[in-house]
Amino acid sequence: MQVTINLTPVLVTFIICVFLYAMCKMARKDEKKQKRQEIEVSDFVNRRSMHVVGNGQEGAGKQ
């Protein structure tokens, strides 16, 4: 008794799995990149507002 395996559906399934894996990996990378940009923007805004507001002690040593 001989068993034959048709490789076409196996290859198609393999290609689909590889494609989905690559898409998920790229999506995770984009998520990390977007979070990092949000953090950088919020840090910039926080630093800028801290610099503009000030507390009066910043120029006290220069007088």
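Trainee: What makes Val3, Ile5, Leu7, Val10, Leu11, Phe14, Ile15 and Val18 a nonpolar patch on the surface?

Mentor: These residues form such a patch, with about 850 Å² of accessible area together, because a patch is made of residues with over 30% relative accessible area and no salt bridge, nonpolar side chains (Val, Leu, Ile, Met, Phe, Trp, Tyr) being joined within 5 Å. A salt bridge here is a side-chain nitrogen of Lys or Arg within 4 Å of a carboxyl oxygen of Asp or Glu, and accessible areas come from the Shrake-Rupley method with a 1.4 Å probe, where for residues only the protein chains shown count as cover. The model is predicted, so local features need pLDDT of at least 70 and side-chain atom pairs count only at pLDDT 80 or more, while totals for chains, interfaces and linings use all residues. Residues are numbered from 1 along each chain as its sequence is written, and side-chain values use heavy atoms, with hydrogens and water left out.

Trainee: Why is Leu7 called exposed?

Mentor: Leu7 has 53% relative accessibility and therefore counts as exposed, since exposed means over 50% relative accessible area, buried means under 20%, and partly exposed lies in between (1.4 Å probe, protein chains only).

Trainee: Why are Cys17 and Cys24 called partly exposed?

Mentor: Cys17 stands at 47% relative accessibility and so counts as partly exposed, and Cys24, at 44%, therefore counts as partly exposed as well.

Trainee: How many disulfides does the count come to?

Mentor: The count comes to zero disulfides, where a disulfide is a pair of cysteine sulfur atoms within 2.5 Å.

Key:
Patches are made of residues with over 30% relative accessible area and no salt bridge: like charges are joined within 9 Å, nonpolar side chains (Val, Leu, Ile, Met, Phe, Trp, Tyr) within 5 Å.
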